[in-house]
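I opened this notebook to keep track of what I looked up. Each entry covers one topic.

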Amino acid sequence: MEGPFDIPQCVFDHAKLYVDTRVMANRDHYKKLYWKQRSYEYKNPILFDEPINNEWYTDFKGILGELLVRHHFDMKGVNYTTSAFIKEKGVSDPDLIVNQKKIDVKGCERSLKVNYFTIGKLEVDYIIFVLFLSNFRYLILNYKKEDILKWELVVVNNKNKYYEKRVDKRQFRSITPN
């Protein structure tokens, strides 16, 4: 685990620029898969001061997470290869490749989650979670894919299952960001 770190405003703003394009690209895909539609309001988003469209916010957390990991690697001088933010559906290439290790990045705020059906399709060695905290801060948590398969499996229904790990974020309230 690394952090907490402050979210740079320029990275936050940059993520907003990508989201509208991704949401538009995914819109037709989600019309066909009615059970995956995410068109409700997210009542208390940690990254905004007011309710926000969940479809937009879900994509925003993912893109912001990827940008923050790239920013983190840039600041450390780590060389990496990236994948496109807007991908054709069905393409499951890794978000990043570092030292020939394939990495997927997940942005999250309440707990660490990976979709049950998605994790089997991911051909990655590691999953890096960017856990958003209050006050515009975040943590970076890195797990091997096979370790995530040992987490609690939450079953909402047959089409909604995910692996979840809860993180007690209270311990980071008083830590000064790097």
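**Entry 1: Helix H2**

I began with helix H2, residues 54-76. H2 has 23 residues and reaches 33 Å from its first C-alpha to its last, close to the 33 Å expected at 1.5 Å a residue. The expected span of a helix is 1.5 Å times one less than its number of residues. I noted how elements are named: helices (H or I, at least four residues) and strands (E, at least two) are DSSP runs, numbered from the N terminus.

The model is predicted: local features need pLDDT of at least 70, side-chain atom pairs count only at pLDDT 80 or more, and totals for chains, interfaces and linings use all residues. Residues are numbered from 1 along each chain as its sequence is written, and side-chain values use heavy atoms, with hydrogens and water left out.

Next I looked up how covered H2 is. 18 of its 23 residues are buried, so H2 is mostly covered. Buried means under 20% relative accessible area, exposed over 50%, and partly exposed in between (1.4 Å probe, protein chains only).

Then I checked both ends. At the start of H2, a side-chain oxygen of Asn-53 comes to within 2.9 Å of the backbone nitrogen of Glu-55. After H2 comes Gly-77, with a positive phi near 75 degrees.

**Entry 2: The whole chain**

I looked up the totals. The protein chain has 4 helices and 11 strands. Of its 178 residues, 43% are buried. I also looked at contacts, meaning heavy atoms within 4.5 Å. Among those between residues at least 6 apart in sequence, 54% join residues at least 24 apart.

**Entry 3**

Strand E5 (residues 96-98) and strand E6 (residues 101-108) run antiparallel, joined by 3 bridges. Val-98 stands opposite Lys-101 in E6. The hairpin of E5 and E6 has 2 residues between the strands, and Asn-99 there takes a positive phi near 50 degrees.

E6 also pairs with strand E8 (residues 126-133), in the parallel sense, over 6 bridges. In this pairing I found Val-105 opposite Ile-128 in E8.

**Entry 4: Aromatic rings**

How many aromatic pairs does a search of the whole structure find? It finds 14. Rings of Phe, Tyr and Trp (its six-membered ring) pair if their centres lie within 6.5 Å; planes under 30 degrees apart count as stacked, over 60 as edge-to-face and the rest as tilted.

I took one pair. Phe-12 and Phe-48 have ring centres 5.5 Å apart and planes at 45 degrees, so the pair is tilted. Phe-12 lies in helix H1 (residues 9-32) and Phe-48 in the loop between strand E2 (41-42) and strand E3 (52-53), so the pair ties together parts 36 residues apart in sequence. Phe-12 is buried at 4% relative accessible area. Phe-48 counts as buried too, at 19%.

I then found one aromatic cluster formed by Phe-12, Phe-48, Trp-56, Tyr-57, Phe-60 and Phe-136.

**Entry 5: Backbone exceptions**

Most residues other than glycine have a negative phi, and most peptide bonds are trans. I looked for exceptions.

A cis peptide bond joins Gly-3 and Pro-4, with omega about 10 degrees. Pro-4 lies in strand E1 (residues 2-6).

Asn-135 is not a glycine, yet has a positive phi of about 60 degrees. Asn-135 sits in the loop between E8 and strand E9 (137-144). Is Asn-135 buried or exposed? At 63% relative accessibility, Asn-135 counts as exposed.

Phe-136 has a positive phi near 60 degrees and is found in the loop between E8 and E9. Phe-136 counts as partly exposed, at 25% relative accessibility.

Technical notes. Two strands pair if DSSP finds at least two bridges between them. A polar contact is a pair of N or O atoms within 3.5 Å; within protein, one must be able to donate a hydrogen and the other to accept it, and residues adjacent in sequence count only if both atoms are side-chain atoms.
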